[in-house]
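Dear colleague,

I am handing over the structure below, together with some notes on what was found in it. Please read the notes with the coordinates open beside you.

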Amino acid sequence: MVTGNIFHCRKHSWPPQEYVSRSTLHQLASVATELVAPEGWLELSQYLSDHGKFADMICLDFDSAAPPEHAWRRRLNSHANILKEFSVTFTEAIKMVRLGIRLWSYVREEASQGRKAPIDPFTRETCKPSASQGVPLGGMGSGSISRGFRGEFRHWQIIPGTCDVSPIMANQFSIFISREGGNKKYASVLAPGQHEGLGKSGDQGITSWGWNLNGQHSTYHALFPRAWTIYDGEPDPELKVSCRQISPFIPHNYRDSSLPTAVFVYTLVNTGKERAKVSLLFTWANSIGGISHLSGDHVNEPFIGEDGVSGVLLHHKQVTAKENPPVTFAIAACETQNVSVTVLPSFGLSEGSQITAKAMWDKMVQDGQFDRENFNAGPSIPSSPGDTLCAAVSASAWVEPHGKCTVAFALAWSSPKVRYTKYYGTSERAALNIVHDALTNYKQWEEEIEKWQSQILRDDRLPEWYKFTLFNELYFLVAGGTVWIDSSLPATSSTNNLHQSAAEESTNVNVTVAKRRGAASGYHVTDGYDATTRDGLGSVHPKTLKNPQVVTDDVGRFLYLEGVEYIMWCTYDVHFYASFALLELFPKIELSIQREFAKAVLSEDGRKVKFLMEGNWGIRKVRGAVPHDLGTHDPWHEMNAYNIHDTSQWKDLNPKFVLQVYRDFAATRDFSFGADVWPAVRAAMEYMEQFDRDHDGLIENDGFPDQTYDAWTVHGISAYCGCLWLAALQAAAAMAHQLGDRPFAEKCKSKFCKAKLAFEEKLWNGSYFNYDSGSSSNSKSIQADQLAGQWYMASSGLPSLFDDHKIRSCLQKIYDFNVMKVKGGKMGAVNGMHHNGKVDESCMQSREIWTGVTYAVAATMILSGMEEQAFTTAEGIFTAGWSEEGYGYWFQSPEGWTIDGHFRSLVYMRPLAIWGMQWALTMPKAILDAPTINFMDRLHVSSSSSSSSPYDGSRLSSHDMPMPMPGPGPGVRKIATKSRCFGNSVFHCSC
């Protein structure tokens, strides 16, 4: 629990007077004299001058235009430095030569079949990554577009699994201002003119536009899923402009959070003495990123919708990827009594265009609007290959002296067969309805977002950097690559074609025993719900595929990538860290993912796969083993796209499945979910018994990197996997008891007591657990992640694995060495550290600082009563990754960085683990209120008989089941109960 006021430090705050100019404050003081009664104006004027808050600048926060007090901020003229990527050492390179050769061959083989390898370190983007990212656009699972803090639209992920990082510079907002009397005119793109993505395309193209914004007095404020850009007297010194960007990311709102749309609300404040005609312009190229706008055959079409919503539809035909459906964009503005909307349905960027970009700009400079007749133009002529087809929407309004006005724009896109089509259908014109609803519903969205965020933002006990970083790390659930389809849609033959007809699937249940065949005779695929026979390595013949979402409140099927560089869906060893965000905000999606993996545990895929590290062959998926991922090109059907190692031999995946399932079960008290996944939990635990080779109850690692640290070799018993296994035994026993499988609960209890003694005897050195029980040079290293299993125990309301003094000793050692000995704690927790204070450089990953692991360590510290160390540890990630003096990884948090700040794998899943910290601070009521049951005293089944007593679902009677507890709810959690071993808790153990 956060106690006292130890986190009142505001070192990362940015007082509003630092981003509101002094001239503005003086102007506001004079405005106040005219707006307020004489007896009150002096007091208000003095307040404005003293505090300079933007909320006051726009007349006491008009229409939420003011940025929040707690937000990540940058000036628009800030330099977006090029990011530095990690490199391997000479020794590491020598060790990986054979892997590199095999990987190179595999990447080329996949490319020859028109497929992209899930891991491809050889292909580099033409646009180098830079510190330019901002809050992305759109909801979850329907594609995304990121928007840099300087205003550029970039990182296009409209097609699942693909990402074009380069900005489309024709996509801009611009402003045109003319003062009454005609002696003052201003015209500028609302983005700084100096930009690496702005090429020289000729005088008729976008270089002819007015790139006049300096950005010195303009600031960007980010609090996901919203962002504010404040133009303080740019380009007109007497006009203050606020642009508020809103995307429908709303916890527990599964409908609106799936919508591919964003709203841009402009608030205009005239601090001058003359009326001002202000025209805002939204331009958009018919493109899905990269050079797709040059492919030709694209069409634009104006529209006038209901409720004053008018704009242009841009129909994009994917001629370069014929298996993909077309994409339609909608750009629109909302016409009101004071706001007039006009459009230019099409213009081009070259001299040969019928209407050039220069002509469009000149028209706006002269008239501030387009001709109303353009709404009658109808669909445009399809574009020719090599030409760029663009559209523009203008919204104009008069702003009175000392007056204010609001103008709202929206962007939406529609690519059929994703989940939102459940509400909007599959018509190409669905984008029109989405953009309409966005413009009419965004105020309600904001109310829900503010209600969600306010409880955390107003908590004075929390450090400021944590408040906004907590929300901003959620960017990944939009920009990290997500797919969300309706359950009525089947799993697909390609992530590029997520829209097979439901008629292709039938339903049947057939649990089978896997039959392994050689490559010459084809292969057999089985799973826990169905059987699918595939002949040879060619076509797939669906036989019976049952959807795992057999629940009344269906939220569909959800996928998210490990990262934009590691293209694998729902990578499970990483989801272990990230899943706290989904469980907290979208618990039904989290349970959906766990159901998918439960189904996968009971499946087998006998197709032969070559594993690239050693060059050996194995089968794609072994029954009982939790898959590393749900696939890349054929998710759900072709799992384990990862082929560096044989992950059926990994030691962390199965325990992580058991731990996540129990945590989710405990938090939601969903006994239907628990009963559905229990067979998979048992199978996952029983599968791991083969790795206890000396029968001490503990699993052993096999002398290769057989866990999430897939370059860090482990020998014998390891702190990481061993701790996860102990935790899994405890979680499985607790879940078995609650579901009525008493024999299995007794078996896990007996094994735990034995394994715990062996673990402490072989790894505890008096102050922490050694990295492993081997004799290598790093066997005694201090691993930052050594208490991952304990983290989950405390997060799930289960007893601690070890004595309290051992837990705190480990965490203090990690804090003193892994955190504070690396640049004074300003970088996060390095994965490995020798006890002499030197970084463990035995491999690439041991010397890295992993963002998500650092957050997980901080969460474990909070759960152990070490709040101050926890926030200092996590603040290192903020300082290195998000602060202005850091390395520039905002809204693209990498897997990790080296101690000199060089990144590996941008836009990565694991940093969502910061929500594990929030989980620790505000544990769900269902876990806090769960009764402590000493149920082992009631078990009289011996461990020998339990092994031959299979679980029977008929045992789940009302007599055996405890009454369901209340669902999750907010509330500050209490620090985990300090107990020696099990005490009077779930277990009764003599150890």
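Two helices count as roughly antiparallel when the angle between their N-to-C directions is over 145 degrees. The model is a predicted one, and that cut-off applies directly to one of its helix pairs: helix α13 (residues 653-668) and α14 pack at an angle of about 160 degrees, with their axes 9 Å apart, and α13 and α14 are therefore roughly antiparallel to each other. The crossing in which α13 passes α14 is left-handed. On the α13 side the contact is made by N654, P655, F657, V658, V661, D664 and F665, while α14 contributes F671, F673, G674, V677, A680, V681, A684, M685, Y687 and M688. By residue class, the contact of α13 with α14 divides into 14 nonpolar, two polar and one charged.

Helix α14 (residues 671-688) also packs against helix α15 (residues 719-738), here at an angle of about 140 degrees and with the axes 10 Å apart, which makes α14 oblique to α15. This crossing, too, is left-handed. The residues of α14 that meet α15 are F671, G674, V677, W678, V681, M685 and M688, and their counterparts in α15 are W725, A728, L729, A732, M735, A736 and Q738. The contact of α14 with α15 comprises twelve nonpolar residues, two polar and no charged.

F871 counts as buried because its relative accessibility is 2%, and its C-alpha atom is separated by 8.1 Å from that of Y466, although F871 and Y466 are 405 residues apart along the chain.

As for the chain as a whole, its secondary structure comes to 23 helices and 29 strands, and 64% of its 991 residues count as buried. Among contacts in the chain with a separation of 6 or more, 71% are accounted for by residues 24 or more positions apart.

Methods
Residues are numbered from 1 along each chain as its sequence is written. This is a predicted model: local features need pLDDT of at least 70, side-chain atom pairs count only at pLDDT 80 or more; totals for chains, interfaces and linings use all residues. Side-chain values use heavy atoms; hydrogens and water are left out. Axes are lines fitted to C-alpha atoms, for helices over the stretch in contact, and angles run from 0 to 180 degrees between N-to-C directions. Helices (H or I, at least four residues) and strands (E, at least two) are DSSP runs, numbered from the N terminus. Angles under 35 degrees count as roughly parallel, over 145 as roughly antiparallel, 65 to 115 as roughly perpendicular and the rest as oblique. A crossing is left-handed if the near helix is turned anticlockwise from the far one by less than a right angle, and right-handed if clockwise. Contact means heavy atoms within 4.5 Å. Ala, Val, Leu, Ile, Met, Phe, Trp, Tyr, Cys and Pro count as nonpolar, Asp, Glu, Lys and Arg as charged, and the others, Gly among them, as polar. Buried means under 20% relative accessible area, exposed over 50%, partly exposed in between (1.4 Å probe, protein chains only).
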